[in-house]
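Hi everyone, thanks for coming along.

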Amino acid sequence: MASMNEFGNNLYTGKTSFPFVGRRRLWFIIAIALVVGSILVPLFRPIQFSIEFTGGSQFTVQAPDSVDQRTATEAVHSVVPTATTKVVVVSGTDIRVQTDQMSDEETQKVSAALADAYGVEPESVTSSYIGPAWGENVTRQSLWGLAIFLALTFLILALYFRTWKMSAAAIIGLLDVLVITIGVYALAGFEISPAAVIGFLTILAYSLYDTTVVFDKIRENTTEDGDQTGRTFGESVNLAVNQTLVRSINTSIVAALPVGAILFIGAFWLGAETLTDISLSIFVGILVATYSTLFVAAPLYSLFREKEPHIVARDAKVRSARSKAVVDA
Amino acid sequence: MASSSPVRHAWRVLLGLVLVTGVLFGINALGVYGFQKSSWTPELALDLQGGTQIVLQAQTEDGSAPSQEQLDQAASIIRQRVDASGVSEADITTEGGQNIVVQIPGVADEQTRDRIKSSAQLEFRAVLATNAATTEFVGEDGESTPYPSPDPTLAATPTAEPTDASDLSWVSEKLAAEFLAYDCANPDNDPARAPKDEPLIACDDLGQAKYILGPAELDGTAITDATAGRDPKTGAWIVQLTMNDKGTEAFGEVSTRLNQYRIDGLTPRDQFAFVLDGRVISAPRMNGLILDGRPSISGSFTQESATTLADQLKFGALPLSFTVQSSGTVSATLGTQQLQIGLIAGLIGLALVAVYSLLVYRALGAVIVASIAVMGVLTYIIICILAWRMGFRLSLAGVAGLIVSIGFVADSFIVYFERIRDELRDGKSITAAVEDGWGRAKRTIYISKSINILAAVVLYILADATVKGFAFTLGLTTVIDVFIFVIFTHPVMQLLVRTRFFGNGHPLSGLDPQALGAVYRSRSQFREVATASAGRGARNARSRGEADRRQTIAERKRAEALAREASSSGRPGSASGEGEN
């Protein structure tokens, strides 16, 4: 990993530097395009909500003799002829049937009919029922949690960094992450389930965490600059982002590895829905969060601060000193 | 080497870690062997061990949200019902001010479901006969013989039309035979759903006495209030009831009838039973005419038992109805399978993190792996203890939280190691870099982890049960993470840099100043190293100064060699340039 070290060294000294702040107009255009794209995804690919949000009854037949999906529909219709059914094979061996909400009596009959149709013991058919209010309650509580969390975070970061502009940049970056992550999630055709909601909430925490680590370095660089500095404010911010770049890369890889392991095993090997849903949202979220901190939050912070009079004055001084040096040379 | 103060400090901190770990294991051992209540394996939630979860939404009759008091009472009524149906280890909790979550291991049959979601019924019935809760009698041979099962041909209808609710003609031959054979402990005997206008066999709360009761004469709505208090004359604990107009009138009639039985000495027909959910919670004797609708119940009450009875009567009087919000069953095999997937994924994830850490940070990667291992041990034992003390159960979402936390934990070290490397690039000695890097990394870690903890706390307070489990493990692992960072990683680094391998910056140590460009730059330009900036703790500077004085021989040699070179090339500064030596 000598090359990695060298890369880190060059980033640290500024020999290699990515223009996170310098080319921010480009990054912002890309970010806006991504956000707009994510918002447009549901137009041609409607977001699927899981049964927990829509309400309904669900039956799972474990290890039936055959996984013929028509058998299930016929069994359900033998009890409730008008029921809409959605039959999928899960884990390669089990049949899962989702229907409209059924009464207790109907549920019993459908379970029995399914067990009969697939030739399994009645105990092998499990049923669940989700009332329509459940998903609503969870969503409402999650949104409340989100609002309160954002407000508190805004306050804490503002107190710690002594400027509300870092809080604002961090939270805008966070919203960017959320929208894009949900967009990618919807694009992948996954259902939004309670597990996915948990994943999105984790991403909130991760995204802000990641931004805070980078912002702390920015704080260090910009406050240590003092008045006698050879760097403009934007360059200072950019250097800080570059200096923490190796950390950002390493962290996102290390954080994504275990989540990727769950995703891989869950999706391709055995089929564990809760884990797959959580891990897909987190996996995408980690990558987007790292991107967003570097390309959105940090340049945005620089943009917010650069218009402050004393920073404008100092930057002007730095630039004039620099052009003088060029002339002298 | 052990005499230097950072080293002594480091050993002391590590000893602290060992002590904390020992104490935690001790606490759990106490739970396992002393109280017989804890276990060496974490308790699993429903989705991992299999079982049924039913979420009920409680509603009062007028549609308003129930008070927490009512909800708690309803939960305890449901708990009694579930216990009565012979299901063990049911977990009943209230949630979000309106919901009651019932978790039952295994599959809940239709009967159990019905029992759970029915609303509490408080009925007042006259006592017709009572007996000890035995199902056997001592015959002429002197041995206990069970009462025979009732003969199905016995007459089930009363011999004569009963004239009032206390009339003994309610007791048909069949009912009398059933009564003798009635087993209070049999969960199939559930009188809760018996029709109101027929006589009933019921047992008391403790299953010690059984009663034949007349048809219901009043129900819970008759009671407007029930309080526990002391009798002003005797000072004994009593329960005072207040009834509404309809209740007052009906109770007055009952009182007149039962008072006459008392005068005639017709025990137990002078008793009056309060039946909650098919169980007799109290069967006081009528001691006088009560026509004002304000009866009081006296007996051998303690403050606690009087309050319990008052609550039962009061909240039984405000029946909540329940609608099923969701109900689901996870089979035990599916739960086990999910847990396995989670564990396998976790292990693979760990292995990948270990490989990557070792690749990027060389030997330092071993510190990451060791820290994660310590973290795993602490988290495991704390989860065991929390299962015992707080009833914490590890859910699938919780497992996901644990796996995700691996990344967060590793990041603490990445931040720290990158800071150490930055310090090395500034040309500092390795020992100094570890101290100064620590000072800077510490701040970053504290603020960023507090954001994580904030997220966990907010989620935990606001979210529903599924998210709660996740938030809990996330918060828990973050706290443990910071703890380990301070009490394990830092002291271990302090000790490691004093070994020859790390202290000399061996190429495989991950701290090779040459690879990090430090030596190169110090030769070419001998930068002035910034003095410790404000914001770094005094102790930090102290231990760094100490660290410099305790440089290894090789470090000194190198510093001297570089200094010679520097003076020969006529430039100021020195490679290890702390200016504090």
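Let's begin with one pair: Ala202(B) stands opposite Tyr211(B) in E8(B). Strands here, and helices too, are DSSP runs numbered from the N terminus, with helices being H or I of at least four residues and strands being E of at least two.

Before going further, a word on what you are looking at. This is a predicted model, in which local features need pLDDT of at least 70 and side-chain atom pairs count only at pLDDT 80 or more, while totals for chains, interfaces and linings use all residues. Residues are numbered from 1 along each chain as its sequence is written, and chains are lettered from A and ligands numbered from 1 in the order in which they are written.

Back to our strand. E7(B), residues 200-204, pairs with E8(B) in the antiparallel sense over four bridges; two strands pair if DSSP finds at least two bridges between them. E7(B) and E8(B) form a hairpin with four residues between them, and in that turn Gly207(B) has a positive phi of about 70°. E8(B) also pairs with strand E4 of chain B, residues 122-132, again in the antiparallel sense, here over eight bridges. In that pairing, Asn131(B) has Lys210(B) of E8(B) as its bridge partner.

So is E8(B) enclosed or open? Eight of the 11 residues of E8(B), which spans 209-219, are buried, so the strand is largely enclosed by the rest of the structure. Buried means that 20 or more other C-beta atoms lie within 10 Å of a residue's own; exposed means 12 or fewer, partly exposed is in between, and the C-beta atoms are placed from the backbone.

**Chain B as a whole**

Stepping back, chain B holds 16 helices and 14 strands. Of its 581 residues, 45% are buried. Take the contacts in chain B between residues at least 6 apart in sequence: 72% of them join residues at least 24 apart. By contact I mean that the C-beta atoms of two residues, placed from the backbone, lie within 7 Å.

There is an open sheet of three strands in chain B too, in the order E9-E10-E13, with antiparallel pairing. Its edge strands are E9 (223-230) and E13 (296-301), each pairing on one side only. From one strand to the next the twist averages 20°. Four bridges join E10(B), residues 237-243, to E13(B), and Trp237(B) has Phe301(B) as its bridge partner there.

**Helices around H10(B)**

Now to the helices. Two packed helices are described by the angle between their axes and the distance between the axes. The axes of H8(B) and H10(B) come within 9 Å and cross at roughly 10°. Axes are lines fitted to C-alpha atoms, for helices over the stretch in contact, and angles run from 0 to 180 degrees between N-to-C directions. H8(B) and H10(B) are therefore roughly parallel to each other; that label covers angles under 35 degrees, with over 145 being roughly antiparallel, 65 to 115 roughly perpendicular and the rest oblique. Among the residues that meet are Gly342(B), Gly346(B) and Gly349(B) from H8(B), and Ile403(B) and Ile406(B) from H10(B). By class, this contact has 11 nonpolar, five polar and no charged residues. Ala, Val, Leu, Ile, Met, Phe, Trp, Tyr, Cys and Pro count as nonpolar, Asp, Glu, Lys and Arg as charged, and the others, Gly among them, as polar.

H9(B), residues 364-389, is the other neighbour to show you: its axis and that of H10(B) come within 10 Å and cross at roughly 140°. That makes H9(B) oblique to H10(B). The contact includes Ile368(B) and Met375(B) of H9(B), and Phe413(B) and Phe417(B) of H10(B). Its classes are 11 nonpolar, two polar and no charged residues.

**Where the chains meet**

Finally, the contact between the chains takes 66 residues from chain B and 66 residues from chain A. Which helix gives the largest share of the chain B side? H10(B) does, with 16 residues. That side divides into 36 nonpolar, 21 polar and nine charged residues. Strands join in as well: E4 of chain A, residues 125-130, pairs with E14(B) in the antiparallel sense over two bridges, with Ser327(B) as the bridge partner of Tyr129(A).
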